[in-house]
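Good morning, colleagues. Please look at the sequence and the structure on the screen, and I shall then take you through them.

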Amino acid sequence: MEQQLENIDIKRFQQDLISWYEDHKRDLPWRQNQDPYRVWVSEVMLQQTKVDTVIPYYNRFMQQFPTPQKLAEADEEDVMKAWEGLGYYSRVRNLQSAVREVVADYGGEVPSSKKAFSSLKGVGPYTAGAVLSIAYEKPEPAVDGNVMRVFSRILLSREDIGKAKTRKKFESLLPAFLNDAKPSQFNQAVMELGALVCTPTSPGCLLCPVQYHCMARAEGVQEELPVKEKKKAPAKKEMAAVILCDQQGKTLFHQRGESGLLARLWEYPNVETKQKGEQKDTLSQFLKNTYGVQAKIGNKVQKVQHVFSHLIWNITVYEGMIEEAPEHSQDCKWLTLEEAQKYAFPVSHQKILKAQIERRDAEWN
DNA sequence: GATCCGTGGTA
DNA sequence: TTACCAAGGAT
């Protein structure tokens, strides 16, 4: 990969790329200015998430938490709710934790040194490079999937971009490109090119400002790159969930644990079931053991599928009737449906809640 | 270094 | 329908 670098006229590459970027860059909310906090929030939201998905979340989030101070002093529940549906929820818990550190230790100023900023929770090599270059014009590489795809093609590299070693190679060669360029412009230009032209499938080589620098294009192998190992199919799990209401019309909800999948989110009580025929028994036993609630499981109400990148839940939702319930139990709350909507749920349980509300309103007529 | 961690869109 | 993808980080 390093040898291929010598074939490139870096000066012209920069000019061709940057002038294209100036003409074609999208007008995105986080490009209004170079405020480090605004840039930081955008970079965290954009991790593994498309621009179109992020935009509405970003606008709401910045309105609700416009400064590091506002985010630092916010309740975790409200911050989680603002992230509901975006996925990878540890991102937002790490972000709030990091922002609290910035307020406590740096007077609310996002640190501009690589060492200090990188030490914050949720800030890895990409995010550090992106924020320091975009907000502070530091000549730091910001190697994401776009950058690896673009340069795999430019340099005709067949190294697996799924490997950490490959990312480090790109990081080591990028400073040569950043030299004498405006770091903010250059890094964003590469990512913009990856998003708009040098796309994963059917790249728009004829529209590409750097097509004459591209070795994959010269060899006609751009569609074969980048190389990335295939992932295994997600495992499937049968789940049973229950809607359990008391006399006051309150429903039982459970808060998931501190770590792991969907950490800290709220959900209807649920269990994994091996044999589908025994879901009712498994559920009622689970309710008894976990919450000390004696309940009879009634009819199936709904089926919901929840597809993760590495897992699929097939959830069967039941109605439950309380026979006996304790005053209080750990990690759960009895909530009205209006109260429940203030909490963050996984998308599958959002669907269950929505359907429950619709059924209730239909009864109301 | 491999696996876990979400979600919605697309071919 | 299945498979893969998208501005990664933590463990």
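This is a predicted model: local features need pLDDT of at least 70, side-chain atom pairs count only at pLDDT 80 or more; totals for chains, interfaces and linings use all residues.

Helix H9 runs over 12 residues, and the distance from its first C-alpha to its last is 16 Å, close to the 16 Å expected at 1.5 Å a residue.

How many of the 12 residues of H9 are buried? The count is 9, so H9 is largely enclosed by the rest of the structure. The buried residues begin with Thr 127, Ala 128, Gly 129, Ala 130 and Val 131, and they continue with Leu 132, Ser 133, Ile 134 and Ala 135. The cover over these buried residues includes helix H3 (36–45), helix H8 (114–118) and H13. Just after H9, the backbone at Glu 137 adopts a positive phi of about 55°.

H9 also leads us to the DNA. Which helices each supply at least two residues of the surface near DNA strand C? They are helix H9 (125–136), helix H10 (145–154) and helix H13 (183–196). The largest share, 4 residues, is from H13. By residue class, the surface near DNA strand C has 11 nonpolar, 12 polar and 8 charged residues.

Let us turn to the other strand. Around DNA strand B there are 22 residues, of which Gln 48, Gly 87, Tyr 89, Gly 260 and Ser 309 come nearest.

I now come to the domains. The assignment for chain A gives domain 1 as residues 2–224 and domain 2 as residues 235–364. Their C-alpha centres are 38 Å apart. Where the two domains meet, 9 residues of domain 1 are in contact with 9 residues of domain 2. On the domain 1 side, the elements that give two or more residues are helix H6 (76–83) and helix H7 (90–106). H6 provides the largest share of that side, with 4 residues. The residues on this side of domain 1 comprise 3 nonpolar, 2 polar and 4 charged.

There is also a database annotation to mention. An unreviewed UniProt entry places the feature "domain: HhH-GPD" at residues 45–196. In the model, that span is 66% helix and 0% strand, and its end C-alpha atoms lie 19 Å apart.

Finally, some figures for the chain as a whole. Chain A has 17 helices and 7 strands. Its C-alpha atoms fill a box of roughly 75 × 50 × 40 Å along the principal axes. Of its 365 residues, 35% count as buried. Among contacts in chain A between residues at least 6 apart in sequence, 68% join residues at least 24 apart.

Note on methods: Residues are numbered from 1 along each chain as its sequence is written. Chains are lettered from A and ligands numbered from 1 in the order in which they are written. Ala, Val, Leu, Ile, Met, Phe, Trp, Tyr, Cys and Pro count as nonpolar, Asp, Glu, Lys and Arg as charged, and the others, Gly among them, as polar. Domain bounds come from an automatic or database domain assignment. Two residues are in contact if their C-beta atoms, placed from the backbone, lie within 7 Å. A residue is near a molecule or strand if its C-beta atom, placed from the backbone, lies within 6 Å of it. The expected span of a helix is 1.5 Å times one less than its number of residues. A residue is buried if 20 or more other C-beta atoms lie within 10 Å of its own, exposed if 12 or fewer, and partly exposed in between; C-beta atoms are placed from the backbone. UniProt positions are given in the numbering used here, feature names are shortened, and annotations may be inferred rather than shown by experiment.
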